[in-house]
Amino acid sequence: MSLHAQDDPALRAAQEERLRAVWAPPKGLFLRWTDTNNNQVGVWYTLTAFGFMLFAGVLALIMRVQLAQPGNELVTPSTFNQLFTLHGSMMMFLFAVPMFEAVSIILLPQLLGARDLPFPRLSAFGYWSFLIGGVFVSGSIFFDAAPDGGWFMYPPFTTRTDLSGLGADIWMLGLSFIEVSSVAAAVELITGVLKCRPPGMRLNLMPLYAWYILVVAVMILFAFPPLIAGDVLFELERLLGWPFFDAAKGGDPILWQHLFWIFGHPEVYIVFLPSIALFAMIVPTFARRHLLGYPWIVLAAVGTAFLSFGLWVHHMFTTGLPKISLAFFSAASEAVAIPTGIQIFAFIATLWAGRVTWSTPLLYVTGSIAIFVIGGLTGVMVAIAPFDWQAHDTYFIVAHLHYVLIGGTLIPLFGGLYYYWPLITGKKLSDRIGRTAFWLLFGGANLTFFPMHFSGLMGMPRRVFTYPEELGIGGLNLASTIGSWVFAAGVLLVCIDLALSPRRSKSLRNPWQAGTLEWLAHPDDEDWGIRSIPLIESRYPIWDQKNFVAKVDEGRFFLPDAQEGRRETIVTSVLDARPVQVLRLGGPSVVPMLTAIALGSVFILTTYHLYWAALVGAVVTLAMVLYWLWTGTAEIPEKDCKPIGHGIDLPLYISGASASGWWAMFITMMADATAFSGLVFGYYFFWTRHEDFPPGGPGMDGPGSFWPMLAMAVMLASWALTVAARELNRRAAVGAARAALATAALLSLGAIGAGLAGPWLSGLKPELHVYPAIVWTLAIWTTAHCGVGAIMQLYTLARSLAGRMTPRHDADLRNITVYQHFMALTAVVTYATIGLFPGAA
């Protein structure tokens with residue numbers, strides 16, 4: 001069909017009707033359980049995260065009323081502990097990270113000129129996981145079962161079941177489930193940015209929002225998995241009595257702090273950088289010029305991410321670490337201010353050099369920068385160890401944290417809300433209400449948290465439910481309480497503005513006159529996205545490319561039609577965005593929701609020690625995942641290629657490193673390898689803490705070398721056979737490839753037995769000492785991955801036997817080979833550590 005068939009009005013109407021039928025989600029905000037359209041899922045993701053934020057804010061208001069005067073008895077100490085634990089946990093795990101992921105799921109396809117992100121069903125799975133886990137965790141407070149050990153859950157108080165109740169398990173297992181959704185969203189976002197950019201959008205032409213989201217999603221891959229590793233150790237101690245954090249049996253609670261803060265401090269930048277990304281979109285629009293310092297901003301964002309992983313001991317200065325460690329981490333904590341400052345000064349310089357048009361979104365941007373800078377300055381103060389020793393665990397730290405998070409996350413999100421609401425709904429929010437709400441938010445935030453600097457320096461500790469009148473801080477606390485209600489009034493005004501929005505008339509197209517791709521959307525346009533996928537030659541194509549909007553609307557670029565009635569977008573190369581494939585996307589399906597429910601049952605049932613029921617849930621989860629993969633991925637198309645316009649034909653099926661599925665597997669395995677490295681870190685951490693490791697004696701001798709080395713050899717043989725199967729299949733030796741896969745699966749199963757035989761036959765008793773506990777943990781982790789590898793090999797064999805995999809269509813085999821590469825590395829590290837490390841034998 002001609003690219004210019006839109007010149008015939010009747011034919012163009014028919015084309016648009018096909019596109020509408022393929023892409024349009026249901027009208028309104030109603031979400032069906034089968035929806036997988038990223039726009040629809042993203043809107044509900046955002047609304048759910050916003051709802052959790054409001055709930056966490058109500059908890060904060062109750063705490064502030066309790067602290068308004070000395071000796072208040074509004075709530076009991078136990079209830080107060082649950083309030084502050086749940087408030088912090090919800091704001092960090094159920095609002096800040098999910099909100100940025102939700103907004104990105106909406107914005108990225110439009111910013112990239114894509115019809116959708118590459119794995120819309122994965123986004124739907126992430127949403128349902130987030131919803132189920134969030135309701136489970138937040139609802140616990142209504143049953144007096146909420147976690148009460150702080151959002152950081154420091155052992156040994158939280159790991160001893162006689163000191164902490166069911167709330168600790170709810171926190172650990174519920175939030176672990178939510179972390180699955182965060183990693184799933186990171187896989188979707190990274191792959192989307194790298195592989196779904198429009199033709200011509202080289203890396204140096206990407207919108208800065210896409211750069212920031214890429215950086216933050218990569219940070220999630222390296223920040224969340226260490227916490228997952230810590231969660232594994234935490235729950236093994238609580239459920240089975242394995243003493244990872246029990247000093248009496250060789251454990252050490254400081255290990256939890258390391259694993260938690262390796263996550264916790266990058267987390268601050270994970271929630272801050274997406275807000276900076278919103279600044280990067282809003283500031284150029286109202287400065288009426290390109291953003292100054294584009295390459296410096298990109299380098300600063302990457303530098304911020306890199307340095308953030310060298311700051312975790314910033315939170316551990318009072319734990320008695322060596323002075324050389326304090327000096328290093330203190331310097332790193334101060335150095336992170338440099339790339340942050342570069343980004344902020346770039347925005348200020350752009351406003352200075354431009355022709356500024358003041359607006360409600362820009363008001364939020366400038367106000368949030370002011371608040372964040374104050375938090376940044378106090379951050380430099382607490383980065384100096386001697387000052388931190390004085391301010392640690394006081395309300396000075398509460399003030400610093402909230403200045404950073406409110407100025408760096410919350411208020412920027414409100415600014416983004418006012419900026420992007422016309423894009424999402426076609427209607428603008430009220431400038432009058434928005435500006436009134438801003439001043440309430442700005443004044444309330446400063447009135448709430450600025451006095452806390454002084455109350456903290458005057459000796460008020462964190463996490464206390466009351467304080468004596470003699471401390472002389474009653475007036476400061478009353479001011480903070482009044483400020484919190486002023487801030488809440490600002491949030492209420494924003495909610496009222498959102499509620500009034502449906503009654504307003506449609507706004508103009510691109511009401512802010514922005515220059516980036518997302519504003520191609522029209523208030524009265526179809527819901528399936530832009531008319532054609534454009535060729536990009538500029539960072540601000542609406543401003544810079546002649547007749548750009550008209551050419552997109554007229555279908556004069558790429559993929560202007562859906563001839564086969566399938567959801568399709570273009571996959572491009574990573575560096576220079578050359579078109580490489582027309583990707584067919586998954587349509588509506590109930591499978592993501594059912595998979596999330598099944599997986600959620602595993603975590604929730606384990607919380608209540610219903611292990612057999614949890615095992616059934618795990619089997620159902622596996623069945624759902626296999627069904628999802630069998631029916632929804634690596635489909636062999638009815639033809640090899642499809643014309644996308646301008647004389648270009650693209651394949652409908654590719655495999656290997658050019659395919660989005662290969663990248664998804666690689667990214668997932670990077671997260672898995674990072675979690676594994678957290679467990680290995682635990683092993684060597686305990687080795688450094690003990691002169692005799694292993695300690696020796698009954699139940700505590702090492703597993704020897706024979707069985708670990710045998711397990712390593714068998715696993716490496718399985719890996720080699722999988723690689724051989726890939727090459728044999730590629731050369732059309734299908735029978736030999738199938739035999740290699742079958743043998744590899746048997747060897748993977750054999751590696752399970754060999755891997756567990758060492759700890760079992762040597763009589764290691766993990767409840768006696770941390771050494772046998774960490775050895776068993778590494779062995780179980782590795783053998784569990786061997787089991788997953790065997791399932792993958794058998795699945796691929798079944799695909800081949802069913803005719804769903806051929807020498808030409810081999811994505812399944814290439815993708816599981818990536819898994820096997822990481823599996824082989826895991827086996828080598830595990831078995832060399834427990835079988836060969838000095839003293840382990």
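**Ground rules**

I number residues from 1 along each chain as its sequence is written, and my side-chain values use heavy atoms, with hydrogens and water left out. Since the model is predicted, I take local features at pLDDT of at least 70 and side-chain atom pairs only at pLDDT 80 or more, while totals for chains, interfaces and linings use all residues.

**Entry 1: the two domains**

I looked up the domain bounds, which come from an automatic or database domain assignment. Domain 1 covers 40-503 and domain 2 covers 664-836. I find their C-alpha centres 36 Å apart. I count 25 residues from domain 1 and 25 residues from domain 2 in the contact (heavy atoms within 4.5 Å).

Next I checked the buried area, meaning the accessible area (1.4 Å probe) that two parts lose on being put together, summed over both. Between domain 1 and domain 2 I get about 2100 Å². Carbon and sulfur atoms give 79% of that area.

I use "salt bridge" for a side-chain nitrogen of Lys or Arg within 4 Å of a carboxyl oxygen of Asp or Glu. One salt bridge runs between domain 1 and domain 2. R689 and D252 form a salt bridge with their closest N and O atoms 2.7 Å apart.

Which helices supply the domain 1 side? I note α5 (166-195), α6 (208-240) and α7 (253-287), each with at least two residues there. The largest share, eight residues, comes from α6. I sort that side of domain 1 into 18 nonpolar, five polar and two charged residues.

**Entry 2: salt bridges around K642**

My count by the salt-bridge rule is 20. I picked K642, which sits in strand β3 (residues 641-645). Its side chain meets that of E564 at 2.8 Å, N to O. E564 lies 78 residues away, in the loop between α17 (548-553) and β1 (568-572).

K642 also forms a salt bridge with E568, the closest N and O atoms being 2.5 Å apart. E568 belongs to strand β1, 74 residues from K642.

I checked burial next (buried is under 20% relative accessible area, exposed over 50%, partly exposed in between, with a 1.4 Å probe and protein chains only). K642 counts as buried because its relative accessibility is 1%. E568 is buried too. E564, at 26%, is partly exposed.

**Entry 3: D812 and R799**

I find D812 and R799 joined by a salt bridge at 3.1 Å, N to O. D812 is in helix α24 (residues 811-836) and R799 in helix α23 (residues 770-801), 13 residues apart. D812 is buried at 9%, and R799 is buried at 1%.

I also note a network: salt bridges that share partners join E564, E568, R584, E638, K639 and K642.

**Entry 4: K427**

Where does K427 sit? I find K427 in the loop between α13 (395-425) and α14 (431-457). K427 is buried, with a relative accessible area of 15%. Its side chain reaches the backbone oxygen of P502 at 2.7 Å and that of R504 at 3.1 Å. Leaving out residues up to four places away in sequence, K427 touches several residues, including W421, P422, S501 and S507.

Terms used:
Helices (H or I, at least four residues) and strands (E, at least two) are DSSP runs, numbered from the N terminus. Ala, Val, Leu, Ile, Met, Phe, Trp, Tyr, Cys and Pro count as nonpolar, Asp, Glu, Lys and Arg as charged, and the others, Gly among them, as polar. A polar contact is a pair of N or O atoms within 3.5 Å; within protein, one must be able to donate a hydrogen and the other to accept it, and residues adjacent in sequence count only if both atoms are side-chain atoms.
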